[in-house]
Amino acid sequence: ARSACIKALDTDQSSMVRWEAAEALGKIGGELARSACIKALESDSGFYVRCAAIRSLGQIGGEQACSACVKALKTDKDEDVRAAAATSLGQIGGKQGKEPKEALQLARRSSQPNVARAAKDALSKIK
């Protein structure tokens with residue numbers, strides 16, 4: 001199942017299929033799932049696919065997932081992706097040093113209410 005989801009996330013033409021694959025990989029977990037979700041987060045044009053990938057990274061966890069979430073929180077062009085990044089950092093950031101907390105503190109002052117709220121909630125979980 002994992003390899004089929006990874007392939008679908010990477011190559012399927014349908015953004016709905018890629019979204020479902022990203023969601024499934026969060027439940028499956030593992031290093032290959034994490035790598036596939038990071039790749040999708042960095043390269044997929046569909047914001048909801050990137051949101052699913054980042055939520056899955058929050059479920060999978062680990063240093064690479066945390067770094068990808070911090071980067072998305074700081075740089076993704078979509079507000080929903082940044083809010084999902086903040087939420088995922090609330091799940092995994094406390095174990096990964098000070099960078100996630102610093103990124104969340106900055107995002108807490110975002111002019112975008114969804115991002116600011118998600119960052120505030122995430123900070124309350126990792127303090």
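Predicted model: local features only at pLDDT ≥ 70, side-chain atom pairs only at ≥ 80, totals over all residues.
User: Which helices each supply at least two residues of the lining of the largest pocket?

Analyst: Residues are numbered from 1 along each chain as its sequence is written, and side-chain values use heavy atoms, leaving out hydrogens and water. A pocket is an open set of points on a 1 Å grid where a 1.4 Å probe fits, with protein on both sides within 12 Å along at least five of seven lines, and lining residues have an atom within 4 Å of a point. Among helices (DSSP runs of H or I, at least four residues), the two that each give at least two lining residues are H3 and H5.

User: Which helix gives the largest share of that lining?

Analyst: The lining includes Ala68, Lys71, Ala72 and Thr75. The largest share is four residues, and it comes from H5.

User: How far apart are the end C-alpha atoms of helix H3?

Analyst: H3 covers residues 31-43, which is 13 residues. The expected span is 1.5 Å times one less than the number of residues, so it should be 18 Å. The end C-alpha atoms agree with that, being apart by 18 Å.

User: Which residues of H3 are buried?

Analyst: Buried means under 20% relative accessible area with a 1.4 Å probe, protein chains only. What covers the buried residues of H3 includes helices H1, H2, H4, H5 and H6. Those buried residues are Ala33, Arg34, Ala36, Cys37, Ile38, Ala40 and Leu41.

How values were computed: Buried < 20%, exposed > 50% of the residue type's maximum accessible area, 1.4 Å probe, protein only. Contact = heavy atoms within 4.5 Å.
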